[in-house]
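Please take a moment with the sequence and the model below before reading on. The paragraphs that follow lead you through it step by step.

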Amino acid sequence: MTTLAAYIGAALAEIAGCFAFWAWLRLDKPVWWIGPGMASLALFAYLLTLSGSAAAGRAYAAYGGIYIAASLLWLWAVEGVRPDRWDLIGISLCLLGAAIIMVGPRAPV
């Protein structure tokens, strides 16, 4: 459960950080939005290190599914665009893949 919580926190931090840059460049927000955006991206990187995976690449791969789900929630909650059935089918596949990566049996290394 700790890894899932770290991934959820990381996804929110990454999306918020990236959105700060998006808002500055695409939505004409003031340049000071970059500061909180950078802090949020640093928090994202830290939270990924809390993953229970011994391999960084595997942790990042499993995180990808959680990130995609969080992105679609952001799309709906912040941008007001409701995900369509293709979004839902896609995220279902991504979450299944992330679950397989996270809980699949591993041979000792």
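**Aromatic rings, a surface patch and a pocket**

Trp32 is exposed, because its relative accessible area is 57%, where exposed means over 50%, buried under 20% and partly exposed in between, with a 1.4 Å probe and protein chains only. This is a predicted model, in which local features need pLDDT of at least 70 and side-chain atom pairs count only at pLDDT 80 or more, while totals for chains, interfaces and linings use all residues. Residues are numbered from 1 along each chain as its sequence is written, and side-chain values use heavy atoms, with hydrogens and water left out.

Trp33 has a relative accessible area of 24%, so this residue is partly exposed. A search of the whole structure finds five aromatic pairs, a pair being two rings of Phe, Tyr or Trp (its six-membered ring) with centres within 6.5 Å, called stacked if the planes are under 30 degrees apart, edge-to-face if over 60 and tilted for the rest. The rings of Trp32 and Trp33 make a tilted pair, because their planes stand at 45 degrees, with 6.1 Å between the centres.

Tyr63 and Tyr67 form an aromatic pair that is also tilted, at 6.0 Å centre to centre and 45 degrees between the planes. Because these two residues, Tyr63 and Tyr67, are four residues apart in helix α3 (residues 56–77), about one helical turn separates them; helices (H or I, at least four residues) are DSSP runs, numbered from the N terminus. Tyr63 is buried, since its relative accessible area is 6%, whereas Tyr67, at 25% relative accessibility, counts as partly exposed.

Which residues form a nonpolar patch on the surface? They are Leu43, Tyr46 and Leu50, which together have about 290 Å² of accessible area, a value from the Shrake-Rupley method with a 1.4 Å probe, where only the protein chains shown count as cover for residues. Leu43 is found in helix α2 (residues 34–48), and its relative accessibility of 43% is why it counts as partly exposed.

Finally, the largest pocket has a volume of about 270 Å³, the space filled by probe spheres set on grid points that are joined across faces, edges and corners. A pocket is an open set of points on a 1 Å grid over the protein atoms alone, where a 1.4 Å probe fits, with protein on both sides within 12 Å along at least five of seven lines, and lining residues have an atom within 4 Å of a point. The largest pocket is lined by 15 residues, of which Gly52, Ser53, Ala54, Arg58 and Arg106 lie nearest its centre.

Terms used: Patches are made of residues with over 30% relative accessible area and no salt bridge: like charges are joined within 9 Å, nonpolar side chains (Val, Leu, Ile, Met, Phe, Trp, Tyr) within 5 Å. A salt bridge is a side-chain nitrogen of Lys or Arg within 4 Å of a carboxyl oxygen of Asp or Glu.
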